[in-house]
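Please look through the sequence and the model shown here before reading on. The text then goes through a few parts of the structure in turn.

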Amino acid sequence: MADKIFETERLYTRLLTENDLDSIREQLQDPEVMFAYEGAFSDLMVKSWLHKQLERYEQYGFGLYALLTKDDDIFVGQCGVTLQDYEGLMVHEVGYLLSKRFWHLGYATEAAAGARDYAFDGLNAPLVCTQIRDINVPSQKVAERIGFKLDGEFVKHYRGFALPHKVYVMTREQYQELKQKGEL
C-alpha cells in the first residue's frame, strides 16, 4: 500500500501517478460520470487532467488523489482538495469523482467527508467549499450530508460552455462546532 494522504473507514488516498492513467481514463471517458463536465474527455484531455494534478502536488503540496479501497486496493476514483477561485479569493475546495461502478455505495460521502477533514485538520484551511454543477443533484446531496451549506451560485466557463454552479461552504468555526457536537 502506497503512502496514505488521508483515509476513511473503507477508503484511503495516495498520490496519483502515471500508472493510474487507465483508471483515470475509465472515469473521465465515461459520459455518465462526466455529464457535469459536458461530456467525456479525449485521451489528450485525460493526460492533461493527470498532469494538472501532478503540478498541483508540486505547486501547493496537495490536489486530487487516487481513491482506493482499503481491503483490496481497487481504484474507486479521485478525491482531495484543490484551490479554486471563489468571489475573488483562492479557497480550499473538496473535490470527488468516482467511477460509475462505485456509485451508490456511500463512497462519495465517505471520501468527501475525509477530504473535508483533511482540508481543515491537515491543511489548516479557514474555509472549505465545494463547487458543484447546478444539474449535479447527487453531488449537492453529498455536500449537504457532510455539513456544507449552500452559499451562492456562479457561472464557470469551461470547454466553450457556460456552466452554472452552486457553491457549498463550511468555515473552520462551523467545522469545529459540528465536531464538538459529534455531528461529523
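This is a predicted model: local features need pLDDT of at least 70, side-chain atom pairs count only at pLDDT 80 or more; totals for chains, interfaces and linings use all residues.

Residues are numbered from 1 along each chain as its sequence is written, and side-chain values use heavy atoms, with hydrogens and water left out. Helices (H or I, at least four residues) and strands (E, at least two) are DSSP runs, numbered from the N terminus.

Two packed helices are described by the angle between their axes and the distance between the axes. For H1 and H2 the angle is about 120° and the axes are 10 Å apart; axes are lines fitted to C-alpha atoms, for helices over the stretch in contact, and angles run from 0 to 180 degrees between N-to-C directions. H1 contributes Leu-21, Ile-24, Arg-25 and Leu-28 to the contact, and H2 contributes Asp-43, Val-46, Lys-47, Trp-49 and Leu-50. Contact here means heavy atoms within 4.5 Å. Six of these residues are nonpolar, none is polar and three are charged (Ala, Val, Leu, Ile, Met, Phe, Trp, Tyr, Cys and Pro count as nonpolar, Asp, Glu, Lys and Arg as charged, and the others, Gly among them, as polar).

The loop between helix H1 (21-28) and helix H2 (43-60) holds Asp-30. Is Asp-30 buried or exposed? Asp-30 is buried, because its relative accessible area is 14%; buried means under 20%, exposed over 50%, and partly exposed in between (1.4 Å probe, protein chains only). Leaving aside residues up to four places away in sequence, Asp-30 touches Ala-40 and Lys-100. The side chains of Asp-30 and Lys-100 are also joined by a polar contact of 3.4 Å (a pair of N or O atoms within 3.5 Å; within protein, one must be able to donate a hydrogen and the other to accept it, and residues adjacent in sequence count only if both atoms are side-chain atoms).

In helix H5 (residues 172-180), the residues Arg-172, Tyr-175 and Leu-178 are buried. They cover an arc of only 130° around the axis, so they lie on the same side of H5; the arc is that of the directions from the helix axis to the C-beta atoms. Helix H3 (107-122) and strand S7 (161-171) are among the elements covering these buried residues. Glu-173 and Gln-180, on the other side of H5, are exposed.

Gly-106 lies in the loop between strand S4 (89-98) and H3. Gly-106 is partly exposed, with a relative accessible area of 37%.
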